[in-house]
Structure formats: structure tokens, C-alpha cells
Amino acid sequence: MTAVQPTQLQNMDVSELPRLVTEVPGPRSRALVDREREHSSPGLSALSTLSGVAVNQGFGALVEDVDGNIFIDFSSGTVVTVTGHAHPSVVRAIKAEIDKFIHIYDYTSASRADFLEYLVSVLPAGLDKVQMYTSGAETVEAGLRLARSHTGRSEFISLYRAFHGKTLGALSLMGGGYKKGFGPLAPGFYQTPNAYCYRCPLMLEPTSCGAKCADFIENVFEQETTGNVAAVVAEAIQGAGGAIVPPPEYFTKIQEFCRRNDILLFIDEVLTSAGRTGKMWASEHYDIEPDIMTMGKGIGSGFPLGVVASSERVMSSLPWAQHNGGTSTYGGSPVSAAAGLATLITIVNENLIENAAVVGAHIKGRLEEMQTRHLSMGDVRGRGMLMAVEFVTDRQTKERISQEAAEYLYRELVTNGILVASAAPIMRITPPLVMSQELADRALDIFDAAVGRMENQYRIG
């Protein structure tokens, strides 16, 4: 078997996609996975473990495995490659910079100066100072240190179903199940209800409740904290929690609470960065002004990069502003800066935010149409290229399908040429921003049929 050349992958006829030449996983994938698992730690992602696919290359919204099978990527490499796989502009920028330096701590470089200047030009007003990091969790941890430095306080309030990373502080912010079994967590972290309207945590009706879930933060502040709260930390749209989009009044109330109590509003945009939701930043969907904002994942098109942004007033605080107060070993990489700059320029020059909004709305519309025919599709939600389908066994009780059924559906998708971002009852659909409507429709036809097979297999509907 001869691998498809990158130029061929780039010019594939959409009518031929996806293209499967072996069973999935194929023999080469199985052999390579077996080799790796001899030495790889357990605990890999469900996506990797359940698919058994070994990848060879990608371009745009396509991924080829080592057996020559070509998949449509509805996951963006798991919510990372916003400009698609191996975008030529991003690849050129990385290659050019890596010929000069791989790493030199946080010394100034032209690539870093260019990146920071361009980034600040597209950030929300008031965020004019930034610090680079690598992973999302490291970036969130830095934001927590910054909030403590500026306020002199040590407590934080986050949301139900929050996901902020897997380090101690980030886990302590977490409002979902990922943290179970990893305790005890750090003290001084408290959760307040999110705006999960499909399953209202306060059991109210979303059409008439007036976002009462946002008001509950007053109870948390008064009854659970010591009043020593540095920041409220929230994703503008919850990603790993299930593409949960709060109504506009939710963040209006949260921001008003923060301002009234002199608490920082810390918006975590690690997953929603760089056009993912049809805006450059998801917080732009709301009338809010973050005091601290974290970015990651897509901002480097897959190259490790995270960023904390804030104002000069906040970032001038000690001990953050002292020597090494905000640094990280890899937090000034000129290669990461080159990747970030190329990503942002590509997003703007190629109108990828507009494409994310338009094609994302088309995908969501088709999913909503499927929902009228598939009783297992309890809820369809999201914005731009961040969507989720919540699968249920009964629309009245809203009982979620079993994990077994979710994994069956995931395997049905993979074995028919579609990669998605989760293998769970809440299935995330997160295509790259370069996804075309024609290619999306090919994937959605396969999705439609796979849902039908899952419903038949598990007698739903």
C-alpha cells in the first residue's frame, strides 16, 4: 500500500470521501498500536483506545491512517487544529522558526514580539498584557496565581460541569466527573450552578426562569466561602462539559456579582479560542469584559501554546511581576509564537471565523433536522464549530444512553470514516474552521445512518 501524497490529500474529490481501503482499524494500525501499547501507560483517551487507529498524516479536514484509510475529521484533532491539519501557512512559519531556534527560555525574539503585538490587537478591550505557556492546564494555573497576586485573596468560584485541566488547581476548579478519584483537591475552591438549560440544576424552566442559576452564586459566596474570593473562573461556553451555551443574562449577572464584590472575572477560553464558536473569542457572544482570559488548544493550530491575558494593572501585581513570577520553562518559545501568529493571521485572512459561523450553523441545522427523526437525540446545542448531541433513551425522563451504546455509536462512526471529539452519551462535534459545507454534508449523512443503527441495536425509539 502506497500512502497518499499530501498534495493528493489536499485535492481529494469530496464525492470520494471518506475513503476506506481496509477495515478499521486496518492491519498496519493494529500492528503499530500493539507495539506502542507494550510500553505506553494506560489511561489514554477513549478516542484512541476505542478506534485503534494509527495516524499517518492529515490535511485540512482530512486524516489518513497508516493503512491508507482517509477519514473526515469532525474533531479538529480533538478541538485543536482550528486551521485544519498541516495548514501550509502555519507549517511554513513553524519550519522557518525552528531552523533558527527550538527553544531559548523567555528571551525576546522577533517572532514573539510579532505574535504578542498581533494577539493583543485582536483580544477583547482592556487585555493588553500577555504571558505564554504550553498546555491549557498550565495556563489556567498561571491565571490562578495571577488572580491571587493581584487581589491578595486565595479562594475561587467555578461552575458545575467545568473543565479547566488536570493539574491540582485546575482539577480543584473542575465541576464534573473527571476529578473523581484524584482527591483530596486544593482547599478554597467552590462551585456554583451552570446554565445547563437542558438539565437545569435548579429544576426550573429556561424560558421563564430569568437565569436564576446565575443568582445562586450569591448563596455560594455567603454560605460556603470565607469571603476571600479572588476570582470567578468560567468557560464562556463549556466545552468538555458538553458544549453548554448559557443564555446572555447568565454572564451579565455573573459579571455584576464580580464587580459588586470586587472579584475578578476570569474567563477560560482554552477550548473556545481562535474562532471556534464563530467569534474570535467565545466571550464576545456576551456583554462582558474579562479581567483575566486564558487561551490555548486552537490558538497554535495544534502546536503546544497557551496564553494568559490581562491588563497592565493586574499583571503589575506582586509577586507575579517579580523576576520569574509569571514565567515557565517553555513559556517563551519562538516556535510556539510563530505558530500562534500564523494561526491568527490565517484565521483573519481566510475569513475562517465567518466560515465557522456559517458552516457551523448548517451542521447544527442538519443535526436538529435529524433530531426530529431520531428519538435518541435528546438535545442539540452549540455555536460555530463547537456542538454537541446529548443522546437519551427517553426524551421525557432524559435518561442518557449507556456508555456501551455511546461507544457503539463512536465505533460505527470511525469504522465508516468519521472522527468525532468524544465517545460518550454527550457527543461533541468540533470540525476545523476550514470545514466546507459539502464535506460536512458527507460526514452528516454517515452520522445520520450510524445513529439509526445505534437506535436499532439498543432498541431506542
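Which residues do ring pairs link into a cluster? They are Tyr 250, Phe 251 and Tyr 286.

## About the model

This is a predicted model, in which local features need pLDDT of at least 70 and side-chain atom pairs count only at pLDDT 80 or more, while totals for chains, interfaces and linings use all residues. Residues are numbered from 1 along each chain as its sequence is written, and side-chain values use heavy atoms, leaving out hydrogens and water.

## Aromatic pairs

Searching the whole structure turns up seven aromatic pairs (Phe, Tyr or Trp rings, the last by its six-membered ring, with centres within 6.5 Å; planes under 30 degrees apart are stacked, over 60 edge-to-face, the rest tilted). Phe 163 and Tyr 178 form an edge-to-face pair, because their centres lie 5.0 Å apart and their planes meet at 70°. Tyr 178 is partly exposed, with 47% relative accessibility (buried is under 20% relative accessible area, exposed over 50%, partly exposed in between, using a 1.4 Å probe and protein chains only).

Tyr 250 and Phe 251 are also edge-to-face, since their centres are 5.4 Å apart and their planes stand at 90°. Both Tyr 250 and Phe 251 are buried.

## Nonpolar cores

The largest nonpolar core has 76 residues, and Phe 74, Phe 115, Leu 119, Leu 367, Phe 391 and Phe 447 touch the most other members (a core joins buried Ala, Val, Leu, Ile, Met, Phe, Trp, Tyr and Cys through side-chain atoms within 4.5 Å). Apart from this core lies another, of 36 residues, with Cys 213, Ala 282, Tyr 286 and Ala 388 among them.
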